[in-house]
Amino acid sequence: MGTAYIDDFLPDALQFRPSAPLVDIGANLTHESFGRDLEAVIQRAQAAQVTTMIVTGTDIEHAEQAVSLAQRFPGLYATAGIHPHDASQWNNAIAAEMARLHARPEVVAVGECGLDFNRNFSTPREQERAFEAQLALAAESGLPLFVHERDAGQRMREMLHAWRDEISQAVVHCFTADRDTLFGYLDLDLHIGLTGWICDERRGHHLRPLVGEIPLDRLMVETDCPYLLPRNLPAKLKGRRHEPALLPWIVREIAECRGISEADMGAATTQTAQRFFRLPTESLKEY
C-alpha cells in the first residue's frame, strides 16, 4: 500500500506505534462512516502496527463487503454471520448463502452471531433458532465462532455447552459481563475479546480486576470500531469515530490492569489471534 498516510484526523497525541504488530479481531470497516476515507483508515492502522484486521460481517450484505475488503487490502480478513438483531430474517436461503461464504478463503470465522436479550430486536426464540443454525454451520465448516452476547450469558453457555465438542473454537467478542459469566465461558475453553469498554469509567471498570483471570492464550483485543471509542484517550478525536489505529491504547490499558508490559501484552494477544483465526504468519509483518 505504500507509505502509511497520517493526516490530521488523529491528533499527534493519539499517534501511538507499539513495538510489535497487533491484530484487531473486530473491526466494522463496512460501516458507512468509513466510506469516505477507508484507505486512510487502513494506512493509519498499519502505521500504528495494527497490521491485521478481522472485518466483521453481520449479515449477507456486510459479509460480502468484508470479503471484498479482504481481497482488496493485505492483512484484512472477514467473518460471515447473522447478528442476533437480525435473527428474525433467518431462513434456508440465508443458511445456504452463509455456507457459501464460509467456504471463501478470506472468511476466518462464523459470525457475528449469538444472543442479545438486552435489546431483543429479534425475539429470544428467533435468536436461538438462528444461533443454533450457525453453530451447525461452524461445526460443518470447522471455522471458529465469533460470538455476540448481551444479557444472555446463561442461555449462551447452555447452547455452547451442547455444541462444544462439535465446534473448533469460539470467542465471546466485546466481553462486558460479570465474573460468573466470564468463568462460565472459560470453563467451556472459550476465548475472550476485550474492547475499549474497559476504558470507560462509567460502565467498564468492573472488568479491570477480571482481566488477570483470563489466560493470555485465550485473550484477544479489538476496537469494535466505529463504536466504543475509549473514553480515556489523551486527546479528543473529531467526530468520535473509533478506528483500528487506536487499538494500541486499549492494549496499554489491559496491560496496566494485568501488571505486564505493553509489549508482552501485544505479543501475546497477537499470537493468540494468529492461532485462533489460523492466520498466515506473513499477515503479521511490520509495515
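Helices (H or I, at least four residues) and strands (E, at least two) are DSSP runs, numbered from the N terminus.

**Figure 1. Overall fold of the predicted model.** The protein comprises eight helices and eight strands. Its radius of gyration, taken over C-alpha atoms, is 18 Å, close to the 19 Å that the globule rule gives for 287 residues, so the protein is as compact as a globular protein of that length. The globule rule is 2.2 Å times the number of residues to the power 0.38. The C-alpha trace spans about 50 × 40 × 35 Å along its principal axes. This is a predicted model, in which local features need pLDDT of at least 70 and side-chain atom pairs count only at pLDDT 80 or more, while totals for chains, interfaces and linings use all residues. Residues are numbered from 1 along each chain as its sequence is written, and side-chain values use heavy atoms, with hydrogens and water left out.

Figure 2. Of the 287 residues, 58% count as buried (under 20% relative accessible area; exposed is over 50%, partly exposed in between; 1.4 Å probe, protein chains only). Among contacts (heavy atoms within 4.5 Å) with a separation of 6 or more, 76% come from residues 24 or more positions apart.

**Figure 3. Surroundings of glycine 142.** Glycine 142 is situated in the loop between helix H4 (124-141) and strand S5 (145-150). This glycine is partly exposed, at a relative accessible area of 25%. Beyond its neighbours within four places in sequence, glycine 142 contacts Ser168 and Arg278.

**Figure 4. Glycine 142 and isoleucine 42.** These residues lie 100 residues apart in sequence and 29 Å apart in space, C-alpha to C-alpha.
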